[in-house]
Amino acid sequence: MLGIVRQNVGGARGLSSQGLGNYVMRLRPVASAMRNYSAGTKEMTVRDALNSTLDEEMAADPNVYVMGEEVGEYQGAYKITKGLLDKYGPERVVDTPITEAGFAGIGVGSAYHGLRPVIEFMTFNFSMQAIDHVINSAAKSNYMSAGQINVPIVFRGPNGPAAGVGAQHSQCYGAWYGSVPGLKVLVPYSSEDARGLLKAAIRDPDPVVFLENELLYGESFPVSAEALDSSFCLPIGKAKIEREGKDITITAFSKMVGYALKAAEILEKDGINAEVINLRSIRPLDRATINASVRKTNRLVTVEEGFPQHGIGAEICASVVEDSFGYLDAPIERIAGADVPTPYAANLERMAFPQIEDIVRAAKRVCYRSVPLAATA
Amino acid sequence: MASTYLTKSKSFIIHTLKSKLHYTTRTSHFTNSLFHHRLLHTLSPLPPVPKHANYYSIGKDYVARRSHATTSASSQINQLPVESPSSQILDFPGGKVKFTKNMIFTSNSTEERVNCYRVLDDNGQPFTDDIDLLKINKELALKMYTNMVTLEVMDTVFYESQRQGRISFYATTTGEEAINIASAAALDNNDFVFPQYREPGALLWRGFTLQEFANQLFGNKHEYGKGRQMPVHYGSRKHNYITVASTVATQIPHAVGAAYSLKMEKQDSCVITYFGDGGTSTGDFHAALNFAAVLEVPVIFFCRNNGWAISTPVNEQFRSDGVVVRGKAYGVPSIRIDGNDALAIYNAVCEARKLAINEQTPVLIEALTYRAGHHTTSDDSTRYRSVDEIERWKGDQNPVKRLKKWIESKGWWDNVAESEYRSNIRKQVAQAIQVAEQIEKPPVADMFNDVYDVPPRNLNEQEAFVRKTVKKHREDYPADVPL
């Protein structure tokens with residue numbers, strides 16, 4: 001548990017140098033988050049990854065604070081901020097009245113003055129109430145003020161569909177925020193992604209939109225010792241090749257990475273060797289990695305849960321056509337959510353979002369392997 | 001960065017929340033004594049349960065939960081939380097509430113409006129006999145007056161330059177010069193200013209030069225905004241004046257956030273934010289005032305109620321008694337002042353600043369004034385209001401004239417000084433315009449930086465591409481665009 005020991009010591013060092021003696025600190029090890037396997041691999045849920053990251057970053061920098069609905073006393077609507085109120089006090093873990101526009105605006109204002117807020121939206125569907133502040137007050141401020149105002153703020157929360165939450169709680173905002181200059185948009189998949197990208201987001205001087213996924217919160221992933229270190233950080237704008245392959249490239253982000261990996265296993269049995277790219281970052285989009293992969297495999301399927309029109313897949317298609325047209329052996333296929341407000345009934349909801357079979361079939365179509373086009377919306 | 005673990009408000013909030021779950025408040029202490037220690041003999045017989053539906057639906061919850069904590073629940077369920085039988089009081093979260101047998105709806109209008117604080121009357125003479133209130137010395141008075149005149153002249157000349165086609169857009173502060181200058185005079189230079197767009201006076205007071213104003217209007221390469229924004233969107237980090245944004249009222253919650261940051265740092269300064277009557281209709285205004293009261297932050301909310309939001313008069317904007325009464329609704333100390341009286345503004349902002357910093361509380365100031373000019377150069381206000389109305393306010397209620405009368409009566413100013421000063425400033429402004437017009441525009445290099453802290457690869461590629469294109473087709477691009 002070297003990572004834990006290092007974290008506590010590092011935190012304490014950070015505290016004294018920032019004069020945090022006045023804070024009543026009760027450092028708690030992140031022991032509960034870890035499960036030791038006999039072989040020594042450590043696993044961690046995404047929830048604990050995010051929680052430990054917030055804990056470490058708040059300990060290291062007294063300017064970092066968390067604000068949102070239910071983040072304090074309730075321990076977080078999804079328990080991501082569990083234990084932080086007890087540890088850091090109500091000044092740094094602020095429970096807010098119900099006004100996203102209000103607390104997003106206040107967060108931005110405090111960032112103008114030098115604090116580093118981490119604003120939680122209960123889901124990004126509610127961020128629409130605050131989107132003027134995210135875009136006009138946060139994203140554009142550095143530019144409009146010619147560098148006089150920078151906004152080191154992070155907006156985070158679950159994005160996209162969960163399970164049975166209906167149309168107003170299921171939309172994916174990757175494409176919406178991904179189109180705005182001045183923002184950085186990150187989409188973690190695994191626990192390692194969650195830790196590394198959230199640390200990068202909090203330390204970044206620009207506003208970052210951090211799109212999590214509710215269903216991934218409870219999923220466990222193995223984490224390396226390096227990822228457990230409190231100084232661990234992933235670069236923003238770099239995609240990760242989760243699985244190398246040579247026949248077809250599948251791009252995905254967030255929960256769909258897991259689906260794509262399972263689809264790749266199925267395709268392997270049919271002799272199709274798929275390369276799966278975990279985007280990690282929607283803005284800036286790692287066009288270089290995607291294009292390099294397509295130039296290797298010559299075929300591409302993009303996967304996302306959001307609506308198809310003007311989606312992430314559309315941008316990736318355009319990028320590949322612009323940069324690697326000559327390398328394509330087949331038209332690109334986009335797999336996206338159905339073009340309908342998400343229905344609630346479980347059977348309908350299942351049909352409204354990409355499933356593993358959809359990805360498998362699309363990959364086969366792109367490889368010209370027999371399967372006729374499924375009836376599309 | 002020393003700070004207390006629990007601020008007063010937070011401890012109250014946690015206290016209240018805990019009371020809902022664990023009954024550790026004064027109330028439950030009282031009820032504990034009632035139920036557990038049988039102190040009934042100290043009270044007269046309890047009155048019967050009132051049939052008022054409103055109370056009961058609130059009280060029922062309270063009473064029902066409390067009954068779980070006792071052994072003799074059944075007999076106590078109908079008992080009321082009272083201190084004494086004669087004045088029935090509900091100890092509700094937020095404070096005690098007295099009951100009444102009279103069913104009275106509060107009126108939708110107030111016959112008597114909140115009074116308006118003023119120091120000088122329409123003729124620039126003290127409205128009060130209390131000389132102490134006029135604690136402005138000659139130096140300060142003249143500095144305020146001359147800045148107001150500068151602002152007035154600057155507005156006139158810049159407005160004309162837009163009409164001549166030399167700049168694309170302008171918004172005057174005509175009629176609101178006192179608000180602009182006197183409020184800034186009452187602040188410290190370290191106090192952060194979050195403006196709307198009709199408050200360049202605060203910048204002027206803090207030393208922004210006419211040339212700096214002109215540079216921004218022409219969007220040349222010397223202006224601090226690097227030509228990124230429309231005219232009058234001034235911003236200056238070194239003057240603690242946050243860049244103007246076009247979005248209405250978004251600066252109000254920003255100000256609260258910045259004040260929160262100040263509070264955490266325990267600085268001896270406050271934040272002021274300005275907005276108009278129209279801005280108070282937004283959701284941002286509501287959320288900001290509500291939050292500021294809950295978070296207890298040192299922020300001054302300064303509302304320039306100038307009667308018009310473009311073409312919407314105040315009686316179509318809201319039906320409350322102006323903006324000052326809204327402060328009370330949010331639990332924010334508020335005052336209404338004469339927005340054309342420089343001395344009243346100065347006094348009120350001085351006091352508000354003291355309150356805000358010493359007691360860590362937001363303060364709301366509603367300054368009644370009049371937008372004597374058009375909304376901007378894109379507006380012709382004679383289309384929705386009478387020329388007579390405009391002329392009347394420009395005449396009698398002119399804040400510049402009023403202060404002039406006072407300083408003249410003190411012997412500190414006269415007409416010779418006046419005409420000299422005005423012609424001097426007019427020359428300076430004209431000069432600033434000429435100079436600003438000649439300066440080069442910002443280079444193409446400034447188009448792609450500041451989007452992020454460090455330009456990402458795609459922006460570097462785009463910039464390189466633009467440069468290449470401009471070089472290759474020089475004839476298609478204006479000659480005065482440097483690379």
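Helix α2 of chain A (residues 46-60) lies across strands β3 (64-68), β4, β5 (116-120) and β8 of that chain, and its direction makes an angle of about 130 degrees with β3(A). The model is predicted.

- In chain A, 7 strands build an open sheet with mixed pairing, and their order is β4-β3-β5-β6-β8-β7-β13.
- The edge positions are taken by β4 (93-95) and β13 (281-283) of chain A; each has a single partner strand, so one side of each lacks a neighbour in the sheet.
- From one strand to the next, the twist averages 20 degrees.
- Strands of a sheet pair through backbone hydrogen bonds, in either a parallel or an antiparallel manner.

- Strand β8(A) spans residues 208-212 and is mostly covered, with 5 of its 5 residues buried.
- A:Val208, A:Phe210 and A:Glu212 point one way from the strand, while A:Val209 and A:Leu211 point the other way; all are buried.
- Strand β6 of chain A (residues 154-158) runs parallel to β8(A) and is joined to it by 5 bridges.
- Within this pairing, A:Phe155 has A:Val209 of β8(A) as its bridge partner.
- Strand β7 of chain A (residues 184-186) also pairs with β8(A) in the parallel sense, over 3 bridges.
- Here A:Leu186 is the residue whose bridge partner in β8(A) is A:Phe210.
- Between β7(A) and β8(A) the chain passes through helix α8 of chain A (residues 191-203), and this β-α-β crossover is right-handed.

**Helices α4 and α5 of chain A**

- Two packed helices are described by the angle between their axes and the distance between those axes.
- The axes of α4(A) (residues 100-112) and α5(A) (residues 131-139) come within 9 Å and cross at roughly 15 degrees.
- With angles under 35 degrees counted as roughly parallel, α4(A) is therefore roughly parallel to α5(A).
- The two helices, α4(A) and α5(A), cross in a right-handed manner.
- On the α4(A) side, the contact is made by A:Ala101, A:Ala104, A:Gly105, A:Val108 and A:Tyr112.
- On the α5(A) side, A:His133, A:Ser137 and A:Ala138 make the contact.

**Helix α8 of chain B**

- Helix α8(B) covers residues 210-218 and is mostly covered, since 8 of its 9 residues are buried.
- The buried residues are B:Leu210, B:Glu212, B:Phe213, B:Ala214, B:Asn215, B:Gln216, B:Leu217 and B:Phe218.
- B:Gly219 follows α8(B) and has a positive phi, near 60 degrees.

**Packing of α5 against α8 in chain B**

- The axes of α5(B) and α8(B) are 12 Å apart, and the helices pack at an angle of about 30 degrees.
- That angle makes α5(B) roughly parallel to α8(B).
- The crossing in which α5(B) passes α8(B) is right-handed.
- B:Thr150, B:Met154 and B:Phe158 of α5(B) meet B:Leu210, B:Phe213, B:Ala214 and B:Leu217 of α8(B).
- An α-helix has 3.6 residues a turn, so residues three or four places apart point the same way.

Methods: Residues are numbered from 1 along each chain as its sequence is written. Chains are lettered from A and ligands numbered from 1 in the order in which they are written. This is a predicted model: local features need pLDDT of at least 70, side-chain atom pairs count only at pLDDT 80 or more; totals for chains, interfaces and linings use all residues. Side-chain values use heavy atoms; hydrogens and water are left out. Buried means under 20% relative accessible area, exposed over 50%, partly exposed in between (1.4 Å probe, protein chains only). Helices (H or I, at least four residues) and strands (E, at least two) are DSSP runs, numbered from the N terminus. Two strands pair if DSSP finds at least two bridges between them. A crossover is right-handed if, with the strands pointing away from the viewer, the path from the first strand over the helix to the second runs clockwise. Axes are lines fitted to C-alpha atoms, for helices over the stretch in contact, and angles run from 0 to 180 degrees between N-to-C directions. Angles under 35 degrees count as roughly parallel, over 145 as roughly antiparallel, 65 to 115 as roughly perpendicular and the rest as oblique. A crossing is left-handed if the near helix is turned anticlockwise from the far one by less than a right angle, and right-handed if clockwise. Contact means heavy atoms within 4.5 Å.
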